[in-house]
Amino acid sequence: MLTLKIDKKLGEKVRRLLIENDLYDKDYLIDRDDKHLYLPIKHVDEKILREILKVDFEIVERDLKKRKKEKSFRDVINEKYRDIVDKKLLALSYDVIGDLVILQISDEVREDIRKEIGELAYKLIPCKGVFRRKSEVKGEFRIREIEHLAGENRTLTIHKENNYRLYVDIAKVYFSPRLSGERKRIGESVGLNETVIDMFAGVGPFSIACRRARRVYAIDINPEAISLLKKNIELNKVKHKIIPILADANEVDLKGDRVIMNLPKYSYKFVDKALSMINKNGIIHYYTIGENFSEGIKVFEGKCNFEILNKKIVKSYSPKKYIMAFDIIVKD
Ligand SMILES: C[S@@+](CC[C@H](N)C(=O)[O-])C[C@H]1O[C@@H](n2cnc3c(N)ncnc32)[C@H](O)[C@@H]1O
């Protein structure tokens, strides 16, 4: 094993420099004698190393102990429950919402095995409680049923993403941590003088991400979502900017420079309403489900004069369908 023999006193400084330059081999443990440390390094030209470190050292071969790597939850289920994973009854991916973990295990997996997997997740993923998705997202409120598997049987948590915190109750409202990138992207594009209308706000992640705006109207039809949104407005100190509205978005009359339509399954039903809300040259963020982009945006055709500023796949929805995002500027 290639090691860097260095004066003990310089050890920490050199180790940091090696890490910063991606030259430190983290798979091995440091060795030592009375005066020196032996740091595990990757193969590198000695001249380059001297330029980076600018201290005396020797490169020597030495046997170092391999670091014991903790197995991750994914490693363990991949080994122990391979057959269930192969049958697509157990997914390797999971969601972490605040201090709660949500696994994807099918109903077809026996209850005792589900609990066993839940206990493993509780042990191997830093969290306080483990649940599984028991149903798809459904109904007007877009909520899924969940089943408790291990740890605390509590569904309220505080989730951190980007630069804000959110109360989320995983049993009572819709929330997906996988959209944090979308929220960051939209939040960063908001102008300081804008009025934003978040038509399907949930507990408010898009609204709070847009807090640079002059005003944000956050609408949702689920009373539980609005009550958590109010707590989130307090938590993030944005009471002067964000106005929560418990209502059917179709019944609200407002005008804004940006309208967010994050209800992929049914957003097509609200296009006329969004067009009545948007100011000239305003932007609509339209989320929808479809097999391709042209199918996704069809519903706007003939209704207004618009231009697509950006289109992207947010995530896959089913083997052939995607959740897609369109940013469109509405000319008139
Ligand atoms: C997919 S969730 C998105 C929530 C939130 N934007 C987020 O990213 O977490 C859609 C939300 O729309 C709400 N909703 C459904 N129909 C609605 C309607 N007609 N008017 C207002 N909100 C509605 C649901 O209650 C749900 O909270």
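Okay, some ground rules. What you see is a predicted model, where local features need pLDDT of at least 70 and side-chain atom pairs count only at pLDDT 80 or more, while totals for chains, interfaces and linings use all residues. Residues are numbered from 1 along each chain as its sequence is written, and side-chain values use heavy atoms, with hydrogens and water left out.

Let's start with the layout. The chain splits into domain 1 (2-61), domain 2 (73-154) and domain 3 (172-330), with bounds that come from an automatic or database domain assignment. Taken over C-alpha atoms, the centres of domain 1 and domain 2 are 42 Å apart.

So where does the ligand sit? It lies between domain 2 and domain 3, because both of them give residues to the shell around it. That shell has 20 residues, and the closest are F200, D220, D248, A249 and N262; to be near the ligand, a residue needs one heavy atom within 4 Å of it. By type, the shell has twelve nonpolar, three polar and five charged residues. Here Ala, Val, Leu, Ile, Met, Phe, Trp, Tyr, Cys and Pro count as nonpolar, Asp, Glu, Lys and Arg as charged, and the others, Gly among them, as polar.

Now look at the ligand's nitrogen atoms. A polar backbone atom of F200 is 2.8 Å from a nitrogen of the ligand, and a backbone N or O atom of A249 also lies 2.8 Å from a ligand nitrogen. With N262 it's the side chain: one of its polar atoms lies 2.9 Å from a nitrogen of the ligand. How much of the ligand does the protein bury? Taken alone the ligand exposes 600 Å², and the protein buries 97% of that; the areas come from the Shrake-Rupley method with a 1.4 Å probe.

Strands here are DSSP runs of E with at least two residues, helices are runs of H or I with at least four, and both are numbered from the N terminus. D327 is buried, at 7% relative accessible area; buried means under 20%, exposed over 50%, and partly exposed in between, with a 1.4 Å probe and protein chains only. Its side chain makes a polar contact with the side chain of H285, at 2.9 Å. That term means a pair of N or O atoms within 3.5 Å; within protein, one must be able to donate a hydrogen and the other to accept it, and residues adjacent in sequence count only if both atoms are side-chain atoms.

S267 is buried too, at 0%, in the loop between β14 (256-261) and α9 (271-277). Beyond its neighbours within four places in sequence, S267 is in contact (heavy atoms within 4.5 Å) with M261, Y286, Y287 and T288.

Last stop: backbone angles. Most residues other than glycine have a negative phi. D22 has a positive one, near 55 degrees, and sits in the loop between α1 (11-20) and β2 (31-32). K237, in the loop between α8 (223-235) and β13 (242-246), also has a positive phi, about 55 degrees. Buried or exposed, then, for K237? Exposed, at 68%, and D22 counts as exposed at 52%. Just after α2, K54 takes a positive phi of about 50 degrees.
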